[in-house]
Amino acid sequence: MIEKLSKYSILYFIILFFLFALIGYFFLSENYPRSDSLKPFHIQLNVDDLLKIMTNNLLIGVLILFGFLTLNLTNLSFIVFNGLLYGIAIHKYSLEFGLSKTLTAILPHGIFEYLGLAVLFSCSIDINISLYQYFNKQSTSPIQQNVMNNILIGFSLIIFSSLIEVYFTPLIL
């Protein structure tokens, strides 16, 4: 059973996130009347913003990776809380700027960012499993090599998403 949890943990992360985003969008957002004219989206980001965004996203990635210390309970609360916040934010900004423009602002970098976070969530679960197996003498290594490779992939996706957020997203808006 534990191996199945590990095998499908990225999928669980994404499903839980979208479920709570939908709950936030449909049930927790206040219903303001939609204005007749939608506002334009103006975003201007520079290298300083890139460093702030990248540092923030990498810090969140580190916190998710070290979620194994709490048996991933902090990670589950992160998924629920962020899903709800994203749902509420998408609802609010879609009323102001339109749903398509709001999703255009979020999706290009959000896909890679949350996929990277999902990979790190999966690595955190794998670390829990590896440590359990190591201390029960079922494994000779506390952390498997594939987990280390996946950690690099997760952080690479987060860095890539930061680059998209700063350099590509403003161009398409």
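Buried residues are those under 20% relative accessible area, exposed ones are over 50%, and partly exposed ones fall in between (1.4 Å probe, protein chains only). The model is predicted: local features need pLDDT of at least 70, side-chain atom pairs count only at pLDDT 80 or more, and totals for chains, interfaces and linings use all residues. Residues are numbered from 1 along each chain as its sequence is written, and side-chain values use heavy atoms, with hydrogens and water left out.

**View 1. Helix α2, residues 9-28.** Helices (H or I, at least four residues) are DSSP runs numbered from the N terminus. S9, F13, F17, F20, A21, G24 and Y25 of α2 are buried. They lie on the same side of α2 because they cover an arc of only 140° around the axis, taken from the directions from the helix axis to the C-beta atoms. F26 and F27 are exposed on the other side.

**View 2. F27 of helix α2.** The relative accessible area of F27 is 67%, so F27 is exposed. Between F27 and T140 the C-alpha to C-alpha distance is 48 Å, at a sequence separation of 113 residues.

**View 3. The largest nonpolar core, with 22 residues.** Such a core is a set of buried Ala, Val, Leu, Ile, Met, Phe, Trp, Tyr and Cys residues joined through side-chain atoms within 4.5 Å. F13, L65, F78, L117, L120 and I151 have the most contacts inside this core. At least two of its residues come from each of α2, α3 (47-65), α4 (73-97), α5 (99-135) and α6 (145-172). Helix α5 supplies the largest share, 10 residues. Beyond its neighbours within four places in sequence, L117 is in contact (heavy atoms within 4.5 Å) with F13, I60, G61, I64, F78 and I158.

**View 4. Aromatic pair F13 and Y114.** Rings of Phe, Tyr and Trp (its six-membered ring) pair if their centres lie within 6.5 Å; planes under 30 degrees apart count as stacked, over 60 as edge-to-face and the rest as tilted. The structure holds 12 aromatic pairs. That of F13 and Y114 is tilted, at 6.4 Å centre to centre and 35° between the planes. F13 is in helix α2 and Y114 in helix α5, so the pair ties together parts 101 residues apart in sequence. F13 is buried at 1% relative accessibility, and Y114 is buried at 11%.

Key. The expected span of a helix is 1.5 Å times one less than its number of residues.
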